[in-house]
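Hi,

Here is the structure I promised to pass on. My notes on its cavities, pocket and aromatic rings follow below it.

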Amino acid sequence: MGISLSLLKRTAVEVETFVQRLDGRVKFLYFIWASILVYIFYDFILNLIFIIVTLLLAIYARVAKPIAMTLLVIIVPWIAIATPILSLPLGFPWNKTIIYYIKFAGYEIPVYLEGLGWGITWPLRIGVCISTAMLFYLTTNQARLVATMFKMKVPFRFIYMLIATFQLIPLLVDEANTIFQAQLSRGLRTDVGIIKKLYYYLALVIPLTLSALNRVQIRAIALESRGFSAPVTKTLMYEAEFKWMDWIFLSTIIVATIVLAYVYITYGYSPIAGLEYIWG
Amino acid sequence: MGEAVVKVENLTYSYPRRENVLVNVSFEVKKGEVLGIIGPNGAGKSTLCKALNGLVPHFYGGRIGGKVVVAGMDTMKHTVAELSTKVGLVFQDPEDQMSGLALTVYEEVAFGLMMLGFPREEIDARVRDAIKKVGLGGLEGRSPFELSGGQMQRLAIATVLAIKPEILVLDEPTAQLDPIGKFEVFSVIKKLAEEGSTIVVVEHEIEELATFADNILLLDEGRVRAYGSAREVLEKVDQLRKYGVDPPSVTELTYILNKEVGTDFEIPITIEEAYKIYAEALGVS
Ligand SMILES: Nc1ncnc2c1ncn2[C@@H]1O[C@H](COP(=O)(O)OP(=O)(O)OP(=O)(O)O)[C@@H](O)[C@H]1O
Ligand SMILES: [Mg+2]
């Protein structure tokens, strides 16, 4: 219960900086926009810039810690393990440009640019998606966002899908925590084989996942029993108007898009890192 | 006590993946009455509650037979959203009923009314009234997630009361609560019962139930095993036992005395009654 409750509470945040006050739609747009852009460009430095900007916003909004932790857990190991393998001979089918030789036990092992570039760019692209999505999730007040969507006449089904996602996340975090605790209390047994370990793991994960889904369903039922999809005009508590801050943020995104379009036309898809294009 | 607010006739229901969860269930609840539903785990009590506001079958699917009429509406012919204005359903775990879309107790209570499109002034009046009724006055500005279990369950009841349903359905509202929480919630239910609300309540705390239920229905394997006034059902100690339900202890004690010692006491179902009966027998009144 503990964590899920605090996360639910967090999404109804008490801290109010300009990031929290930004309209949910604007932050959602930022997430989609950044994710598409880092996909169009093939440039890990640009990706890094996006991540840094997002982290700065997150630090200001005091939600940087979970975002940084997630990046550390997912992106860093990926770069640390996959990238070296990709940059070695046979590590990556498109390898052709040798940039360095590692001397090892009398051999000279070549390091390839293509594998290295790909191996750094992709995790950072995912990093941009994750960090911008988390910034949206952690700083957006669900109540306000839902009010906005009702006002925009978004179909109930879509609104509900968003709510379910919002609420499934803390439940899953909760579950991960339970699994972690259970594993710990089992004392990370070393006397059992890998099959047995897998078995123990699944014996925990499956029922917990089912119960999380079950709870989401109960919540759906509770919402439904309170007239969530009643076909009437909802009375809304929050005004869904853009404020000047939203317009400024939106303008910044538009200006940045124009600048980046110019950069793309002039310098190509990899303006800073100067990588050569590989599929994807 | 006039017309029937709830009328269930030969209700038979199967979930898509489970047959005959309810079989030939019939009962009715008149305006201002409290019906207690008891029975062992898996008896179908929650399913019956969900049949009262149309979640069964509209949400769950499955096959349904018989008829459920609530506040004059046939649940088969109306949507859950329509029925939600007539039937207020409160679940076991209060946390599951929080919309997660309200920052404060006030907004949580207002949520249902907002979804139903009530005008603001009306919402305000009803919210204040409902919060007062469940004794949460002063906590309007709190986050729902900062409340204790008992407070949260009372909040859940308030969210339903605000809609002014014709009938309140409570599915084990005290099961998840500590003794203080249970006490708080029972106090609210008793008060509502005294004020003349029509209530259907599933409850394992039989001793408490006996103090405010007019009628009791004993459900087991989806079938009605006993149905009648609280006294009629609760004094049949052997029958309750057979279906895994503990009778109130004063009832059981008196029953055993009558049977084993050969006394001839009237069978009490509440402590108060027992006190009267025994005080009289002992000549101290
Ligand atoms: N969604 C569902 N799909 C299939 N079967 C279900 C579903 N929900 C409940 N059941 C089954 O229907 C039967 C009755 O369940 P129900 O929850 O109504 O019992 P209950 O009397 O409320 O039990 P408890 O005291 O445990 O709350 C049980 O056997 C249960 O496994
Ligand atoms: Mg139940």
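Which residues lie nearest the centre of the largest cavity? They are A:Ala143, A:Ala147, B:Leu101, B:Phe111 and B:Met114, out of 13 residues that line the cavity.

Before the rest, some housekeeping. This is a predicted model, where local features need pLDDT of at least 70, side-chain atom pairs count only at pLDDT 80 or more, and totals for chains, interfaces and linings use all residues. Residues are numbered from 1 along each chain as its sequence is written, chains are lettered from A and ligands numbered from 1 in the order in which they are written, and side-chain values use heavy atoms, with hydrogens and water left out.

Cavities

The whole structure holds 7 cavities of 30 Å³ or more. A cavity here is a set of points, on a 1 Å grid over the protein atoms alone, where a 1.4 Å probe fits but cannot get out; a pocket is an open set with protein on both sides within 12 Å along at least five of seven lines, and lining residues have an atom within 4 Å of a point. Volumes are the space filled by probe spheres set on the points, with grid points joined across faces, edges and corners.

The largest cavity comes to about 120 Å³. Both α7 (142–151) of chain A and α4 (105–115) of chain B supply at least two residues of its lining; helices (H or I, at least four residues) and strands (E, at least two) are DSSP runs, numbered from the N terminus. By type, that lining splits into 12 nonpolar, no polar and 1 charged (nonpolar: Ala, Val, Leu, Ile, Met, Phe, Trp, Tyr, Cys and Pro; charged: Asp, Glu, Lys and Arg; polar: the others, Gly among them).

The second largest cavity has about 50 Å³. Its lining includes A:Ala222 and A:Arg226 along with B:Leu89 and B:Phe91, and helix α6 (residues 149–161) of chain B gives the most to it, with 3 residues.

The largest pocket

α9(A) gives the largest share of the lining, 6 residues. In type, the pocket lining has 9 nonpolar, 11 polar and 12 charged residues.

Aromatic rings

Over all chains there are 20 aromatic pairs (rings of Phe, Tyr and Trp, its six-membered ring, with centres within 6.5 Å; planes under 30 degrees apart are stacked, over 60 edge-to-face, the rest tilted). A:Tyr39 and A:Trp122 are edge-to-face, because their planes stand at 75°, with centres 6.1 Å apart. That pair joins distant parts of the chain, with A:Tyr39 in helix α3 and A:Trp122 in helix α6 of chain A, 83 residues apart.

A:Trp122 is buried at 18% relative accessible area, while A:Tyr39 is partly exposed at 48% (buried is under 20%, exposed over 50%, partly exposed in between, with a 1.4 Å probe and protein chains only). A:Trp122 also pairs with A:Trp118: centres 6.3 Å apart and planes at 50°, so tilted. A:Trp118 is buried as well, at 17%.

The charged end of A:Arg125 sits over the A:Trp122 ring, 4.7 Å from its centre (NZ of Lys or CZ of Arg within 6 Å of the ring centre and within 35 degrees of the ring normal).

Cheers
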